[in-house]
Structures are given as structure tokens and as C-alpha cells.
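Q: I have not seen this one before. Can you walk me through it?

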Amino acid sequence: MLYDFSILTSKIHNWLFAHCSPFWTMMFEFIMVGVCVLGICVLLALIFVYMERKVAAFMQIRLGPNRVGPKGIFQAVADVLKLVLKEGFSPRTSDKFLFNLAPFIVMTVAMLVLAPIPFAKGLQMYDINIGVFYISAVSSISVIGILMAGWASNSKYSLLGAMRSGAQIVSYELSAGLSIIVIVALAGSMSMNDIVESQRTGWWIFKGHIPALIAFVIFIIAGTAELNRAPFDMAEAESELTAGFHTEYTGMRFAMFFMAEYVNMFTVCAIGATLFLGGWMPFHVSNFEGFNHIMDFVPPIVWFFGKTFFLIFVIMWFRWTFPRLRIDQLLTLEWKYLMPISLVNMILVALIVIMGWHF
Amino acid sequence: MQYIVTYIGTIFRALNSLRKGMKLTGYYFTHHKQIVTQQYPENRKEMFIGERFRGEVVLTHDANNEHRCTGCTACEIACPNGTIKILYKNVVDTETGKKKKAIDEFVYHLGMCTFCNLCIIACPTDAIVMSHDFEHSTYDRKPLNKILNKPGSKLMKGVED
């Protein structure tokens, strides 16, 4: 098979194993993976900030950043430099320990969720057999970080934003989880690798009939809500809460919240791409051997990032099109629409799987 | 039963309205040739400025170096923050030989101006207008205190009648 990363990774592992004790092998591998994750996070945040601003500009018939570097590509770098140089200020009446801890929790969770995502064939940090379950469990921890930030800031805007964020993430976790279950039922496994492998003949969004399509739409809506992005940015709500839970944050700590938001956006889109759009699997049409063969020549990593960036673009498209929901409309949407629909949808999928109607 | 029909109807109407919004922004995204923002320092020559743009107050002079300001101080009274100050001098009318008041200096403090346009509205003789010149930044405060009437200028004939 072309472009298999497991050859490279096993080579590194064997070389390390031959030169160090098992403990140090593991340690070195941890360090390597950690450095890679940090690098990915920073790089993704830089790319997304630039992409977001350009997409927003084009949707509003503007030009966007175009002064720093050719076509403004160094704008995000300049922004980061500015944030690094700023004073890390914490309010006098805040709870200093929790205030400083909160951004690290949010950032750590954002990085942890990256672990079971298969970026390409053999390029995965942690092949865990309950990958999807792990993601939905770990991603909920970020609520604690957000609530901590809101409470420790000792400011009414922060607290209100954090409470809203808590209510929102807890509610939308349900319909996101239920739409993930649809794919778990179809693929018959929770492991991310198995789910990707089960889409070798076709992506679930095509193979799973209408229920998979409904699950995909619900997943994207619930994912946008979990990210606290517009039209669900109740937690920030500039016009009513200044900046929500990170009102009091400055400099690098603010940058960490910001980075965590973009890394989470990447994660949600990567999960969506893996579950519904086949992850790193190329686009195949059955009975078109020549076409399928050409598609195989595009590296899996390009497929994965292409699908993920497409979903990210869709989420940005939402942000710059729809107005913000009110908090009661937000909860109505979840509890009266998405949740019952995804429950019915789940039963339909169970029926399809039991009767073997899917391809 | 009726409830279920309305429920499903709401979902489809909601999806349709979302599709409409996304269609419009998608159209803008794919047709980004019709940019509305102007690239200011580069397009100084062919820059478009709207008719009602308020750059600074100017006293219009014609080719004979004559203006239309009678010195009635309506603008000075109308100004909310004391931007305009009119100083007088006595001149002798060449035809009738009478002494009368005329403006000596039309002082305009650009640094204090909020470009509210009230002076232009107040002016009974349409002597002052807002120009489109907006590049006012300086390193010193002094150039912002302007005298609007040109040296040697005088009142246009027939304005006071």
C-alpha cells in the first residue's frame, strides 16, 4: 500500500528500542508525540486565524488582512507576537490559582482529544479500541476549565458566560453523542481505525441512507454549539457579555483559550470527517476501477485534511451567515428538536443494521 | 396529529431559511471581485468619496478672492464646542464712505471640531461648506488652528442685501 506511515513509525520505534531501555523508549516517544502535538496546535491556530479572517472578509465583500506579508499571510504571526509581548494581568480580587489554572485545563483537553484521531494510514497517536467514546468523554472536561475561568475571574460577565457555556455544552453533548452512536452502530466498532476501515467501499454518509445524513447534519449543528462558535456563541456574546468567560484574561492566557477554541474546531471537524466522510479513505465509486485507482494516488493525509478543512469552512460559513440565538431558543433547539430527532434516527439506524439494509 | 405536522413543517421551513442565508454568503464568497472596501494609500488618485463626506470646514472663495461671510456669528453660536471664533475689523465702504464691520479672521480650530455639520446648517449665506480633504494628521497642534479667510479677501457684493 502506498503512503503507509506505520513503516516510518515502527522504524523509529525499533531504532529507539535497540538503543535504550523500554522505559526510555516510551519516554522519548512521549516527548516526540508531545512536541508534534504542540507544533500541530500552534500551526493549526495560525492557519485558522488567517483562514477565518479571509473567509469572513470575502463573505462580507471585503478584502481581509492584506498588509503584513503578501496577501497578509503573516497577520496571524503578528497577532501571536503581540499576545506574547502583552502583560499577563490577573485581577486583584480574582482567585489567582484557579484563574491561572483554567486556560491550561482547556488547552490540555483540546490536545488530549487529538490522541485517537487517525491523520493518515498508520499516523495515529494512540490506537484505542474505544476511540469515539474516549473523545466524547474527554471533550466534556473542557466545561470544567470554562466554569473555572468564569468563577475565578470574580466578574459577573465571566460567570454568566461560563454558566451559559456549561448549560450549552452539557445539552449539546447529548445529540452529538447520539449522532456518533449512529455511525458506531453502522460500523460495529468504537475504534477510529475500524470506523475508517469500514468505509473502504464507500463513506457512511452515502452508505448509511437518510439516517446517516440526518446524523451528519445534527452532528455539525451540535459540534458548532459545543465549540461555542456563532450562531451559538452564547458563552462569549460580545454584545451582552463583552467576552464571556475570558473577559478578564490577557496576553498568553487569553491566547490559550483562543488556541483551544481553534484546536477544538479542528477536532470536531476531524471527527466529523472520520465518522461520516471516510477519514483518510479516498473517494471511491464502485465499478469504476480506473477512477478508483487515480483516487488512490492522492495521499491519505491530503484526503484527511481536505475533508477536515471542508467541514471547517462550512462551520465558518455558518458563523458569518447566521445571527446569534437567544439562550431559550438555543435550549429549545436542542431539547425539542435535535434530541428527539436523533433518538428517532438512532432507532431507525438500529432497524437498518439489524435488517442488514445498509451496503 | 396537527401538532406533528406543524413540528415537521417548522423543521423544513427552518432548514429552507438557513439555506437562503447560506446561498447569499456563498454567492459573495465565490464572487469576491466586487469588493466594496477601498485600498486607501494606494488609490489616493482615484479614490471615491461620497458627496456628503465631512472632511473639514472651508470658507469658499471665488476667483476675485471674495467670500460670502458677513460675520453674523450664527456658526459660532451653533458650534457645540467652541471650534469657530470670528474676529472683526472696521472697514470703510469705498462707495458710500460709511464705516462698517467686517470679518478680520475666521478662526477655525480643527483639533476641536467633531464634524457635526451644525455650522454649515446654521450659515444663512452658505459661506462655509465641508470639504472632502481628510488627511489632517500633524506632529504639532499649531497647524490645526486655521484662519479660513484668505489674506486680502473681502465680502462678495450683494450678499448682505
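The chat below covers a helix pair, the nonpolar cores and a strand pair.

Q: What kind of model is this?
A: This is a predicted model, where local features need pLDDT of at least 70, side-chain atom pairs count only at pLDDT 80 or more, and totals for chains, interfaces and linings use all residues. Residues are numbered from 1 along each chain as its sequence is written, while chains are lettered from A and ligands numbered from 1 in the order in which they are written.

Q: At what angle do H2(A) and H12(A) pack?
A: About 90°, with the axes of H2 (residues 22-59) and H12 (residues 251-276) of chain A 9 Å apart. Helices here are DSSP runs of H or I with at least four residues, and strands are E runs of at least two, numbered from the N terminus. Axes are lines fitted to C-alpha atoms, for helices over the stretch in contact, and angles run from 0 to 180 degrees between N-to-C directions.

Q: Next topic: which residues have the most contacts inside the largest nonpolar core?
A: They are A:Val106, A:Ile183, A:Met259 and A:Val263, in a core of 93 residues. Such a core is a set of buried Ala, Val, Leu, Ile, Met, Phe, Trp, Tyr and Cys residues joined through C-beta atoms within 7 Å. Buried means 20 or more other C-beta atoms within 10 Å of the residue's own, with C-beta atoms placed from the backbone.

Q: Which helix gives the largest share of this core?
A: H12(A), with 16 residues.

Q: And chain B, which strand pairs with E1(B)?
A: E5 (residues 128-131) of chain B, in the antiparallel sense over four bridges; strands pair if DSSP finds at least two bridges between them. B:Val57 stands opposite B:Met130 in E5(B).

Key:
A residue is buried if 20 or more other C-beta atoms lie within 10 Å of its own, exposed if 12 or fewer, and partly exposed in between; C-beta atoms are placed from the backbone.
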